[in-house]
Amino acid sequence: MDYIEALFTDFSELHGDRAYGDDAAMACGMARFHGEAVMVIGNLKGRSLKERVARRFGSPEPEGYRKALRLMKLAEKFGRPVFTFLDLAGAFPGIGAEERGQGEAIARNLFEMAQLRVPTIATITGEGGSGGALALAVADRVLMLENAIYSVISPEGCASIMWKDATRKQMAAAALRYTARDTKAMGCVDDIIAEPRGGSQADPGEAFALVNERLVHHFGELKAMSIDDLVAKRYEKFRSMAQFYTSE
């Protein structure tokens, strides 16, 4: 919410997925970016312990993703570009979330975002974990702060699955290559945003300015392209990721 309040004006939050309920872990709303009407979507972790528990430490449930998708489609209807902000370890792993179709909700977001007919920019500000993050990050531009991480699973989870030993998390972390530099090299993100010395928390004002500068740059490039070109390039970008070749 700090990024939304610092970078956008006239933010008006919208609630509910029109199917089950509202998800406090996901914030969505209309806003203006340098005077232009846009849709802003991001997960919220909360500040106080009470707020963090209420928001499940920023991990959305199915209704959160369905709310986000409902508003992405609304943005598409009115021609509003979509900005998403991610800082989540993953979708909420509760029994209720699974019963209400967590996997389907995430998969639906991937499918719909891939063909959304408006410019889209996703920014990873801290953690970007698993499909829970990807459900907000199938975008024309995926930006990542230099100290953020982006991975299919946590190192502890990976070590537990691969070696049945969570203490081997350092080995898993090296294999996952989840730093900003690694993910950029693999083509999973389009740009790395510099952070103030000591990290964004050391100087939030400068961090907001750095993020704003890159958002303006990429937004300008996207607006200059036709919608058909945007969708085609977005599709090709994600289809070309994770290409591996072996030789005998």
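The structure is a predicted model, in which local features need pLDDT of at least 70 and side-chain atom pairs count only at pLDDT 80 or more, whereas totals for chains, interfaces and linings use all residues. Residues are numbered from 1 along each chain as its sequence is written, and side-chain values use heavy atoms, with hydrogens and water left out.

Helices (H or I, at least four residues) and strands (E, at least two) are DSSP runs, numbered from the N terminus. A residue is called buried under 20% relative accessible area, exposed over 50%, and partly exposed in between, for a 1.4 Å probe and protein chains only. Contact means heavy atoms within 4.5 Å. Leaving aside residues up to four places away in sequence, Thr120 touches Val82, Val138, Ala139, Asp140, Arg141, Leu222 and Arg234.

Which strands pair with β5? Strand β4 (residues 82-88) does so in the parallel sense, over 6 bridges; two strands count as paired if DSSP finds at least two bridges between them. In this pairing, Leu88 stands opposite Gly128 of β5. Strand β6 (residues 141-145) also runs parallel to β5, joined to it by 4 bridges, and here Thr123 stands opposite Leu143. Strand β7 (residues 149-151) pairs with β5 in the parallel sense over 3 bridges, with Ser151 of β7 as the bridge partner of Gly129.

The helices may be considered next. An α-helix has 3.6 residues a turn, so residues three or four places apart point the same way. Helix α8 (residues 169-176) has Ala172, Ala173 and Leu176 among its residues, and these are buried. Seen down the axis of α8, its buried residues fall within an arc of 100°, so they line one face of the helix; the arc is that of the directions from the helix axis to the C-beta atoms. The face turned away from the buried side of α8 carries the exposed residues Gln170, Ala174 and Ala175. On the buried side, the packing partners are β7 and α7 (155-162). After α8 comes Arg177, whose phi is positive, near 50°.

Helix α5 (residues 102-114) has 13 residues, which at 1.5 Å a residue should span 18 Å; its end C-alpha atoms are 19 Å apart, which agrees. The expected span is 1.5 Å times one less than the number of residues. The buried residues of α5 are Gln102, Ala105, Ile106, Asn109, Glu112 and Met113. Viewed down the axis of α5, they fall within an arc of 135°, so they line one face of the helix. They pack against α3 (62-77), α4 (95-99), α6 (130-134) and α11 (227-239).

In soluble globular proteins, nonpolar side chains tend to be buried together. A nonpolar core is a set of buried Ala, Val, Leu, Ile, Met, Phe, Trp, Tyr and Cys residues joined through side-chain atoms within 4.5 Å. The largest such core here has 52 residues, and those with the most contacts inside it are Phe8, Ile41, Phe83 and Leu215. Not counting residues up to four places away in sequence, the residues that Ile41 touches include Met26, Val82, Phe83, Phe85 and Leu136.

Charged side chains form a further set of links. A search of the whole structure finds 22 salt bridges, each a side-chain nitrogen of Lys or Arg within 4 Å of a carboxyl oxygen of Asp or Glu. One of them joins Lys45 and Asp87 at 3.3 Å, N to O. Lys45 lies in the loop between β3 (36-43) and α2 (49-54) and Asp87 in strand β4, so the pair ties together parts that are 42 residues apart in sequence. Lys45 is partly exposed, at 27% relative accessible area, and Asp87 is partly exposed as well, at 23%.

Another salt bridge joins Asp191 and Arg214, whose closest N and O atoms are 2.8 Å apart. This pair links distant parts of the chain, with Asp191 in strand β8 (residues 191-193) and Arg214 in helix α10 (residues 204-223), 23 residues apart. Asp191 counts as buried at 13% relative accessibility, whereas Arg214 counts as partly exposed at 21%. Finally, salt bridges that share partners join Arg66, Lys73, Glu76, Glu104, Arg108 and Glu112 into one network.
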